[in-house]
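Biologist: I would like a close look at a single part of this model. Please keep it brisk.

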Amino acid sequence: MQNFLRDAGEFMPILLQGVWLTVVVTIGSLLLSTVLGLVWALMRVSGIGVLSHLSAGLINVIRGIPIIVLLFYLYFVLPEFGVAMTALQASILGLGIAYSAYQSENFRAGIEAIDKGQIEAAQTIGMGWWMTMRRVVLPQAVKIVLPPYGNIMIMMLKDSSQASTITVAELALQGKLIASSTFKNTSVFTLVALMYLTMSIPLILLVRHFEKKASRK
Amino acid sequence: MIELTNVHKRFGSNEVLKGITASVDKSEVVCIIGPSGSGKSTILRCINGLESYDAGDILVEGAKVDNKSPSIVAIRTQVSMVFQRFNLFPHRTALENVVEGPIYVKQEPRAEAFERGRALLAQVGLADKVDAHPAQLSGGQQQRVAIARALAMQPKAILFDEPTSALDPELVGEVLGVMRKLADDGMTMIVVTHEMGFAREVADRVLFIDGGVIVEQGGAKSVLDKPQHARTQDFLRRILHPL
């Protein structure tokens, strides 16, 4: 235990640098996946055949490719076609695209849970599609969507570790580097696990809060 | 004011309207009665474009109803609808439900819309419920809010789709009372209903619809008290004397 505390004091500063990148990757890809997911979901429920099918097809393609392969593709393959980006950019883009599929399915479920009668009521007072979405559907769908959204946040935080495979020096990669140079596997990976857990706990509490709010209609 | 000419509508292979021709004049109250599945509600839904129709013409003040055309918005702001299941927006208060259309569709100034919204809620007897959410209101109160929401659009006509069918029996009266007042004030109304008492006392005309066609129509009292067709007689007997 004393050894662990001593190691912790020594490795913490380096690991915290990794935490910073973990947070950047998570928040960046969370924002991107939210925006993309909303776009896919709105396309899906637009009632316009082309958009709806395009969205459904895209989601299936994205869902069918492992995140790690998507990351390799963005970071190693695209430069061959003249599209180069930094590892950080590629990881945010890759995770953002990968998770947009799950976000979209969650948003769609929330939108479709709104009673059709309300949509008709909105139409009969002259609202168009977009205004019906903005004023009637989305404000109610948010409550339904938030608990699963919180769970997606937790999954994204953990999956941000996959950015390590394309050289983003976030928490997991920093841990691996320290471990392989010091051979203190136990201390280092225990620390890494504890740090992920520490970041997850506020999110877990947030999900619980969302769930309470959603059930208290 | 509202004219239907030979309107046909099918859902898949099921033809629900088989050539409906009817017209409603300004300030007229027309009740549509008939067995369930006869196409009554579909007529209302076609008039304000919630459903498209396959053949024939529907004109509202001379403008053709076409729910694929942008002109449908103008028609909907002139012809409001009240639904069987109220369809209030549950995330907004009674007053917010009422002012939603005026503010966001008709772009009325907020203060004005809110003031008129309060007056409308007072008119339907809900002055003390302006800040209540739909979940805190009884069915009858919710339906009266829905009527106030329809009125807030300052429509030229209101379509009522079985407005009391989802209500507990003791709440039916308060909604019919509000509707009768509207009729007395000269509102043009088309009401799909099973309330024969209301039809007899308030309607100018009654249409009896069965199997997608108008079987019989005429003055309310003559259709309801002296029906000519066997199907009308049979329907009224079953409605008025269910045992």
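How much area do chain A and chain B bury between them, and what percentage of it is on carbon and sulfur atoms?

Modeller: This is a predicted model, so local features need pLDDT of at least 70, side-chain atom pairs count only at pLDDT 80 or more, and totals for chains, interfaces and linings use all residues. Residues are numbered from 1 along each chain as its sequence is written, chains are lettered from A in the order in which they are written, and side-chain values use heavy atoms, without hydrogens and water.

Chain A and chain B bury about 1700 Å² between them, 60% of it on carbon and sulfur atoms. Buried area is the accessible area (1.4 Å probe) that two parts lose on being put together, summed over both. Thr124(A), Ile125(A) and Arg135(A) supply 40% of the area that chain A buries against chain B, more than any other three residues.

In contacts (heavy atoms within 4.5 Å), 16 residues of chain A meet 21 residues of chain B.

The rule finds 2 salt bridges across this interface. A salt bridge needs a side-chain nitrogen of Lys or Arg within 4 Å of a carboxyl oxygen of Asp or Glu. Arg135(A) forms a salt bridge with Glu100(B), with the closest N and O atoms 2.6 Å apart.

Two helices (DSSP runs of H or I, at least four residues) of chain A, α5 (116-124) and α6 (129-159), each supply at least two residues of the side that touches chain B. α5(A) gives the most, with 7 residues.
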